[in-house]
Amino acid sequence: MRRIAALAMGVATATLAGQAAWAAPIATLDRNGSIVSIEPYAPNIVHVTIAMDKAEAAQPAGPGISGTADSSGWQHSQAAEGDVFRSSALSVTVAAQPWPAAPTQMQRYFAPALPPVAIAIAGADGRPITRMTGWEMAPQTVAGEKTFRVGASFADTPDTHYYGLGQNQEGILDLRGRTIDCRHYYDAPAGEQVCVPFLVTDKGYGIVWDNPSATLVSPGLNNATHFQSQVGERVSFFLITGATADDLYAGYRRLTGVTPLPPKAAFGLIQSKARYESQDELLGIADGYRRRGYPLDIMVLDWFYWTRMGQLDIDHRYFPDPKAMNEKLHAMGMRSIISVWPRFERESRYYNELAAKGWLLRDKDGQVVDGLPFRSDRAGALIDSTNPKAREWLWDHVRDNILSQGFDYLWLDETEPDLVPDGYFYSIGSGDRYHNLFPLVHTAAAAEGSARDRPGFRNLILARAAYLGAQANGAIFWSSDVNATWETLKRQVPTGLDMTASGIAYWSSDTGGWQYPSGPKAAHPPLVDPAGATAMGADYPDYPELFVRWFQYNTLTPTLRIHGQRPATAIWDYGKAAEPILAQWLRLRYALVPYLYALGHRTYETGAPFMRALWMDFPADAAVRSIGDQYMLGPALLVAPVTEQGATHRRVYLPAGTDWYDWWSGQRLAGGQSIDAPAPIDRIPVYVRAGSIVPIGAQVPSTATAQKLESIRVYPGRDASFTLYDDDGTTNAYRTQGGRSATLRWDQASGRLTASGKLPSGQDVAGLVTVIGR
């Protein structure tokens, strides 16, 4: 099959055609042989398809696009400048292209390969937004298939800044002037690359590039922004516009699906290690948190709990009674995650069945691809999750063999996938054509299966790579197997901000790094005494300091997970000096759960991420547009992680247009300035925007315990509101019945805080309010 019509993904729903979401375009135009299709999806969203073949131009959108075309309110007219399409938000002009005159001698030598197409996008008021200035289709043969390299160019202005495109770990937030290799690539030198082809600008528009093959994107390079995909027969993209950044994410939500609200346990601490070698070790760590009075929500069982990769079993020599193990965790108010890999060794019990059914990645001769030659850890064949029957089979066997033992959630590792598909074949086509698709369809296996077999249970998937729409499968993501170094920590901050700017709201990193701790010699005397630490060797005395700084950072990201290839990973394993600092920050995380959970519900409703680069919330402040080492967590908190060894202060920019409060001291500072912020080892700079409301929860052992509010902090400076939200935290009732909510309102003039009703915790506002600065 040369190409698939579409892969339309919704929450736990996958179809291989997507025709139900497809409607005829509002117009199909012929520009001297170049066929242009214009297909609105909303007043501020338009799908543009360009091809030489009318059948290709008429194809519906590709994988990950689950939204429905809607031309309501759009009008089509013709003018001298071309065909004009108008809505209440946009004007799209496909330029007229007169029949070309006979070429000059110079033009004969430099003749264009394709009839030209130019498309101008403007606001309803005529304000120019962007222009597609040209397109390309270059014939080539890929994986034995005659196909094309396809691309398009867009106009640029020198003051446009670009963000998104998934996960690129080179450590620079603003993508302007760079070339991004938008492909899943585990072995990328700076850390794993993940392609989510959604490019967002600070000029009120974003481009969703609709092609799952490896794609080069050059934003703002040589006065243009250029997309070029390795395989395709057409150019297909969506343009989303909006007055605010959140308008763009509402558009992304409409196109690719809703981000579900994760179970409340996902907002607490997730404790992991590569790997817990026995049932007793895992339960001992869980018990260690409880005995020490430290909160914990999820224990993770990582790989090699099985007898063979692909056996889909649990080795009872080391885990003699996994059901009883999970019952003990549940009795302690904890949940569990278990890692399931997509690879099957030849010796595993299902290999022959999967191979016979054709449900494994194949080479050009139809033979199963078993491992790759360039890395010794890649034994086994990859299940073909592009095949819906293979997805169903995988879920059924994981459900019966593993989840039946009481495990709650799945960790679908290797979702790049690790067995690079280039040069090989899925059931739907070549791995080159669908290079970036696997994380979407593989997480769909668990999303679909869970929705069918446990519809009342709120699903959660931990995944290592994403694609357009993967967020709708209930997946949360992390930055993969990164190094345990200061350099890597520093790069995590802008990496995460571009990932969330790509519409992937739930992202974090392995606290402390995944690779075995082996950093360079410390430049300064360690700020944390390593005495008593068992997490690393004696040759890395500043590692406890690194872990403390990483934990402080991850405490203020969407999810908090400890993981790593270390002898020990629990918070008491970094030495006597580190433990009380880590405990303090862990308690801060749980104090912020009411705030974070409300933010998660808002993301469910709007699609907007709540870990946000500063440009999203301060568009009028030009100074923030390239700041990648600090960010907003929700509307209130400005976070400035410390990523330098030995640092006890750092420069922080406070955005203009508001005052700011120091979280620790309550000191009020004016915005629009850089300050030298104190950062002793037990804290990182955190500031609160004036005119904010921050609910603070009472301490609980886990989110399974009903959490009262300890206080409601008001940071005065302007009128403000914040909607508290709560529910049972475990079921899908929030989708249909809603939860419990109350909107808090601060009136600056009267100095009073009121609530729209009873708080979700059942408390009254009276007695909870603390006004900072009074």
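This is a predicted model: local features need pLDDT of at least 70, side-chain atom pairs count only at pLDDT 80 or more; totals for chains, interfaces and linings use all residues.
Let me begin with a contact between two side chains: Asp159 and Lys203 form a salt bridge, with their closest N and O atoms 3.0 Å apart. By salt bridge I mean a side-chain nitrogen of Lys or Arg within 4 Å of a carboxyl oxygen of Asp or Glu. This pair links distant parts of the chain, 44 residues apart: Asp159 sits in the loop between strand 11 (145-155) and strand 12 (162-164), and Lys203 in the loop between strand 14 and strand 15 (205-209). Helices (H or I, at least four residues) and strands (E, at least two) are DSSP runs, numbered from the N terminus.

Residues are numbered from 1 along each chain as its sequence is written, and side-chain values use heavy atoms, with hydrogens and water left out.

How accessible are the two partners? Asp159 is partly exposed, at a relative accessible area of 39%, and Lys203 is also partly exposed, at 27%. In these terms, buried means under 20% relative accessible area, exposed means over 50%, and partly exposed lies in between (1.4 Å probe, protein chains only).

The structure holds 46 salt bridges, and I shall mention a few others. Arg291 pairs with Asp287, the closest N and O atoms being 2.8 Å apart. Both residues belong to helix 4 (residues 279-292), where they are 4 residues apart, about one turn of the helix. Arg291 is exposed, with a relative accessible area of 58%, whereas Asp287 is partly exposed at 32%.

Next, Arg317 and Asp315 form a salt bridge with closest N and O atoms 2.6 Å apart. Arg317 is exposed, at 64% relative accessibility, but Asp315 is buried, at 6%. There is also a network of salt bridges that links Glu192, Asp413, Glu416, Asp418, Arg464 and Asp481.

I turn now to the cysteines. How many disulfides does a search of the whole structure find? The search finds 1 disulfide, where the term denotes a pair of cysteine sulfur atoms within 2.5 Å. Cys182 is joined to Cys195, with an S to S distance of 2.1 Å. Their link is right-handed, with 90° about the S-S bond. Cys182 lies in strand 13 (residues 180-182) and Cys195 in the loop between strand 13 and strand 14 (198-201), so the pair ties together parts that are 13 residues apart in sequence. Both cysteines, Cys182 and Cys195, are buried.

My next element is helix 11 (residues 578-591). Its 14 residues reach 20 Å from first C-alpha to last, close to the 20 Å expected at 1.5 Å a residue; the expected span is 1.5 Å times one less than the number of residues. Helix 11 is mostly covered, as 11 of its 14 residues are buried. Among them are Trp585, Leu586, Arg589 and Tyr590. The cover over the buried residues of helix 11 includes helix 4, helix 10 (543-555), helix 12 (593-606) and strand 39 (692-697), with contact taken as heavy atoms within 4.5 Å.

Finally, UniProt, in an unreviewed entry, places the feature "domain: DUF5110" at residues 712-754. UniProt positions are given in the numbering used here, feature names are shortened, and annotations may be inferred rather than shown by experiment. Over residues 712-754, the chain is 9% helix and 51% strand, and the end C-alpha atoms are 11 Å apart.
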